[in-house]
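Trainee: I have a model open and I'd like to know what stands behind the words we use for it. Can we go through them one at a time?

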Amino acid sequence: MAAKNKAVGGKKKAAKAKARKGPVKKAAGPAAGANPKRVATILAGLDAAYPDADCELKHENAFQLLIATILSAQCTDVRVNQVTAELYKKYKKPEDFAYASPAELEKEIRPTGFFRNKTKSIMGASKALVEKFGGVVPRTMEEILTLPGVARKTGNVVLGTAYGIPSGIVVDTHVMRLSQRLDLTRNTDPKKIEQDLMKVIPQDRWIKFSHQLIWHGRRVCAARKPKCAACNLESICYSKDKTV
Ligand code: SF4
């Protein structure tokens, strides 16, 4: 009897835990706007508007780009470039960051925000580069993701821009917003958005597409008041955020 009561109690607990968690979310279905013909029109429009789109974080090598990308979280590229211009004069290689004074580094990167966490990530990633990768930024996503503080977005930026390796699609705040407005995804989670985009954008366009979408987000399709009248994708865009 005691065993039966225990089992009933266990079931009740499990049911309560399930109720607390809420219903299991189903993955969003494919976006209607992601048919190949429409995607080709979007890519052509982006090519026409931004033929030279590139990464706006200044860097001379993969390591500098890695550091700049870590610093760019919740910060503008302009501010990051101001900070790294000074930073790279003092810290030239992974060893310099790995064994830096955390207090000094925090002070130096403070203008980029979240400076304590960023210091930990920069020092941790630099140490791992020195200890596991001979001081060289690895060329695979699998390896790059082992660096502390480095997630897929940073991995894609570094592999794509510094090495020309199309490992995936950078999903930052602009890519997230624009791929939703252009109905290329119905997801809100960056990992799922990246998977959706990778299915519909040809792999040889992954690197450029990320840069072009980021440029479009910065110059035209801003979060607030997008300049739809000046947008060359206006005729195929049916976003509820449109201003024309
Ligand atoms: S029409 Fe407006 S909302 Fe649509 S992509 Fe262009 S700027 Fe963005």
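This is a predicted model: local features need pLDDT of at least 70, side-chain atom pairs count only at pLDDT 80 or more; totals for chains, interfaces and linings use all residues.

Trainee: Which residues come nearest to the ligand?

Mentor: There are 14 residues around the ligand, and those that come nearest are C221, P226, C228, C231 and C237.

Trainee: What elements does the chain have?

Mentor: The count is 12 helices and 0 strands. Read from the N terminus on, the elements are α-α-α-α-α-α-α-α-α-α-α-α.

Trainee: And how much of the chain counts as buried?

Mentor: Of its 244 residues, 34% count as buried. For that label a residue needs 20 or more other C-beta atoms within 10 Å of its own. As for contacts between residues at least 6 apart in sequence, 61% join residues at least 24 apart.

Trainee: On to helix pairs. What makes α10 and α12 roughly perpendicular?

Mentor: Two packed helices are described by the angle between their axes and the distance between the axes. Here the axes of α10 (residues 173-181) and α12 (residues 206-219) cross at roughly 85° and come within 8 Å. Roughly perpendicular covers 65 to 115 degrees, so α10 and α12 get that label.

Trainee: Which residues meet there?

Mentor: From α10 you have H174, V175, R177 and L178, and they meet S210, L213, I214, H216, G217 and R218 in α12. The residues of this contact of α10 with α12 divide into 4 nonpolar, 4 polar and 2 charged.

Trainee: Why is α3 called roughly antiparallel to α7?

Mentor: Their axes cross at roughly 160° and come within 10 Å. Angles over 145 degrees count as roughly antiparallel, so α3 is roughly antiparallel to α7. The crossing of α3 past α7 is right-handed.

Trainee: What is the contact of α3 with α7 made of?

Mentor: In α3, L66, I67, I70 and L71 meet K118, S121, I122 and A125 in α7. The contact of α3 with α7 divides into 6 nonpolar residues, 1 polar and 1 charged.

Trainee: How do α3 and α9 cross?

Mentor: The axes of α3 (residues 62-71) and α9 (residues 152-163) come within 9 Å and cross at roughly 145°, and the crossing is right-handed. On the α3 side the contact is made by A62, L65, L66, T69 and I70, and on the α9 side by T154, V157, V158, T161, A162 and Y163. The residues of the contact of α3 with α9 divide into 8 nonpolar, 3 polar and no charged.

Trainee: Let's turn to single residues. How do you know that P102 counts as exposed?

Mentor: P102 has 12 C-beta neighbours inside 10 Å. The cut-off for exposed is 12 or fewer, so P102 counts as exposed. The place of P102 is in helix α6 (residues 102-109). Leaving aside neighbours within four places in sequence, P102 is in contact with T119 and M123. P102 and I122 are 20 residues apart in sequence, with their C-alpha atoms 10.0 Å apart in space.

Trainee: Then why is F114 called partly exposed?

Mentor: F114 has 15 C-beta neighbours inside 10 Å. Buried takes 20 or more and exposed 12 or fewer, so a count in between is partly exposed. That is where F114 falls, in the loop between α6 and α7. F114 also has a positive phi of about 45° although it is not a glycine.

Trainee: What is the phi of K225?

Mentor: K225 has a positive phi of about 50°, and K225 is not a glycine either. You'll find K225 in the segment after α12. With 8 other C-beta atoms within 10 Å, K225 is exposed.

Trainee: What makes A223 exposed?

Mentor: A223 has 11 C-beta neighbours inside 10 Å, so A223 counts as exposed. A223 is found in the segment after α12. A223 and T173 are 50 residues apart in sequence and 9.2 Å apart, C-alpha to C-alpha.

Trainee: Last one: buried or exposed for G164?

Mentor: Exposed, because G164 has 8 C-beta neighbours inside 10 Å. The place of G164 is in the loop between α9 and α10. The C-alpha atoms of G164 and I207 are separated by 7.7 Å, while the two residues are 43 apart along the chain.

Technical notes: Residues are numbered from 1 along each chain as its sequence is written. A residue is near a molecule or strand if its C-beta atom, placed from the backbone, lies within 6 Å of it. Axes are lines fitted to C-alpha atoms, for helices over the stretch in contact, and angles run from 0 to 180 degrees between N-to-C directions. Helices (H or I, at least four residues) and strands (E, at least two) are DSSP runs, numbered from the N terminus. Angles under 35 degrees count as roughly parallel, over 145 as roughly antiparallel, 65 to 115 as roughly perpendicular and the rest as oblique. Two residues are in contact if their C-beta atoms, placed from the backbone, lie within 7 Å. Ala, Val, Leu, Ile, Met, Phe, Trp, Tyr, Cys and Pro count as nonpolar, Asp, Glu, Lys and Arg as charged, and the others, Gly among them, as polar. A crossing is left-handed if the near helix is turned anticlockwise from the far one by less than a right angle, and right-handed if clockwise.
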